[in-house]
Amino acid sequence: MNPIGFMILAALVLAAALDFLADALNLRRMRETLPAAFAGWYDPERYRQSQAYLRVNTRFGWLVALVDLAVLLIFWLCGGFRWLDEWVRGLSLAPVFSGLIFIGVLVAAKSLISQPFSVYATFVIEARFGFNQTTWRTFLLDRIKGIGLALLLGGPLLAAVLLFFQYTGGNAWWYCWLLAVAFMLLMHYIAPTWIMPLFNRFTPLPAGELRAAITAYARRIDFGLDNIFVMDGSKRSTKANAFFTGFGRHRRIALFDTLIHKHSVDELVAVLAHEMGHYQQKHIFKMLLVGIAQAGLMFYLLSWFISYPALFAAFGIGTPSVHAGLVFFGLLYTPLDLMIGMAVQHISRRHEFAADRFAVTTAPQGAALATALKKLSVDSLSNLDPHPFYVFLHYSHPPVMQRVAAIEGAGHSQG
Ligand SMILES: [Zn+2]
């Protein structure tokens with residue numbers, strides 16, 4: 001193994017160590033006494049359960065990470081990448097087809113290995129804590145649809161990237177970037193109307209008190225909103241959520257049926273006010289720009305490394321190829337991806353505070369956001385007091401207690 005190989009190895013091990021450290025700090029921070037802000041919301045037994053849920057999920061996460069890392073290292077150090085590359089070359093296909101097979105085999109193997117863990121997480125862990133509603137039929141159909149989408153959308157995209165890097169030289173990175181941007185924009189349009197309905201049923205929210213309250217609020221903040229849908233989230237889990245998708249005329253709000261069942265009209269309007277706040281304050285648009293910048297940086301760096309012989313030598317491969325370069329660059333990129341991810345999550349947490357503030361200041365029912373958040377975290381047994389380092393590493397939303405404190409002291413600033 002050469003220096004670049006050692007660098008990649010060190011990066012992978014370091015990333016795993018950081019995760020482990022954050023997990024350990026998170027577990028050590030658990031306290032037996034319920035935080036005062038949640039007095040009356042959690043009974044002692046359910047609070048204990050939330051801690052058991054955290055412990056079980058953390059340990060399970062360790063097992064998954066360990067297996068992933070071990071499989072990758074064994075495959076790498078036993079010459080798996082070299083063997084696969086030679087086998088694909090032996091088929092004597094055009095480079096783009098060799099590339100699709102090489103990457104396809106790796107992706108398929110990785111997803112096969114992850115299946116037993118998904119089964120365990122869904123049918124054992126989630127079931128034990130009373131969350132799972134997924135039937136085997138839904139589970140299998142989800143997998144089949146996922147594979148279909150990967151072939152239909154991911155296949156052509158990967159083929160285009162392979163072709164650009166094979167034949168367009170120094171221009172390849174920005175051709176790929178343009179393509180990625182077009183793809184991201186396309187997904188914003190087709191995901192809500194095309195892809196999500198493959199997995200869930202979306203029915204228009206029927207006329208009644210809730211719809212009237214939401215429409216009244218939307219009119220109050222001058223927010224054109226024709227599409228309010230109920231999603232059958234209960235098909236997979238008892239956990240509740242709401243989200244916003246699309247732009248302009250295509251924008252739509254979806255409420256999980258589980259959310260509607262457990263919350264008052266005031267709470268639901270407050271939750272939707274938060275979602276509309278994201279849109280009004282252009283958070284969705286800003287995150288799209290961040291994603292576009294990220295893709296540009298990645299393709300630019302890729303163009304630097306994709307024909308760097310030492311990168312191939314690190315994996316035992318003598319003849320550079322676009323497909324192997326893509327995979328190895330993916331591994332080399334891990335630490336940078338992690339750092340960018342932390343920065344993006346930092347922005348996302350600020351957006352959450354801003355959307356909460358928007359809801360509290362624009363909706364008469366805004367204060368109900370605090371009770372909605374409390375109910376949501378009790379129902380999903382979420383960790384009330386995560387370690388700041390864990391939050392820094394993993395949280396796209398601020399911890400619930402910080403959000404509740406900010407809402408209840410609305411108007412004051414918070415970090
Ligand atoms: Zn939000």
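Student: Which residues does alanine 368 touch, not counting residues up to four places away in sequence?

Tutor: The structure is a predicted model, in which local features need pLDDT of at least 70, side-chain atom pairs count only at pLDDT 80 or more, and totals for chains, interfaces and linings use all residues. Residues are numbered from 1 along each chain as its sequence is written. Two residues are in contact if their C-beta atoms, placed from the backbone, lie within 7 Å. Leaving aside residues up to four places away in sequence, alanine 368 touches Ser264, Asp266, Glu267 and Ala270.

Student: How far apart in space are alanine 368 and serine 264, C-alpha to C-alpha?

Tutor: Alanine 368 has its place in helix α14; helices (H or I, at least four residues) and strands (E, at least two) are DSSP runs, numbered from the N terminus. In sequence, alanine 368 and serine 264 are 104 residues apart. In space, the distance between their C-alpha atoms is 8.9 Å.

Student: Why does alanine 368 count as buried?

Tutor: A residue is buried if 20 or more other C-beta atoms lie within 10 Å of its own, exposed if 12 or fewer, and partly exposed in between, with C-beta atoms placed from the backbone. Alanine 368 counts as buried because its number of C-beta neighbours inside 10 Å is 23.

Student: What covers the buried residues of α14?

Tutor: Helix α14 runs over residues 368–379, and its 12 residues reach 16 Å from the first C-alpha to the last, close to the 16 Å expected (1.5 Å times one less than the number of residues). Its buried residues are Ala368, Leu369, Ala370, Ala372, Leu373, Lys374, Leu376 and Ser377. Their cover includes α9 (265–280), α13 (334–362) and α16 (400–408).

Student: Which residues of α13 are buried?

Tutor: At 1.5 Å a residue, the 29 residues of α13 should span 42 Å, and its end C-alpha atoms are 41 Å apart, which agrees. The buried residues of α13 pack against α9, α10, α14 and α16. These buried residues are Arg349, His351, Glu352, Ala355, Asp356, Arg357, Phe358, Ala359 and Val360.

Student: At what angle do the axes of α3 and α4 cross?

Tutor: Two packed helices are described by the angle between their axes and the distance between the axes. Axes are lines fitted to C-alpha atoms, for helices over the stretch in contact, and angles run from 0 to 180 degrees between N-to-C directions. The axes of α3 (residues 80–90) and α4 (residues 95–128) come within 10 Å, and they cross at roughly 145°.

Student: How do the residues of the contact of α3 with α4 divide into nonpolar, polar and charged?

Tutor: In this contact, Leu84, Asp85, Val88 and Arg89 of α3 meet Ser98, Ile101, Phe102 and Val105 of α4. Ala, Val, Leu, Ile, Met, Phe, Trp, Tyr, Cys and Pro count as nonpolar, Asp, Glu, Lys and Arg as charged, and the others, Gly among them, as polar. The division is five nonpolar, one polar and two charged.

Student: What is the phi of serine 92?

Tutor: Serine 92 is found in the loop between α3 and α4. With 8 C-beta neighbours inside 10 Å, serine 92 counts as exposed. Most residues other than glycine have a negative phi. Serine 92 is not a glycine, yet its phi is positive, near 50°.

Student: Does lysine 282 count as buried or exposed?

Tutor: Lysine 282 is found in the loop between α9 and α10 (283–305). Although it is not a glycine, lysine 282 has a positive phi of about 60°. Since lysine 282 has 12 C-beta neighbours inside 10 Å, it counts as exposed.

Student: Which residues does arginine 236 touch, not counting residues up to four places away in sequence?

Tutor: Arginine 236 is found in the loop between β2 (228–231) and β3 (242–245). With 21 C-beta neighbours inside 10 Å, arginine 236 counts as buried. Arginine 236 and asparagine 132 are 104 residues apart in sequence and 6.3 Å apart in space, C-alpha to C-alpha. Not counting residues up to four places away in sequence, arginine 236 touches Gln133, Thr134 and Thr138.
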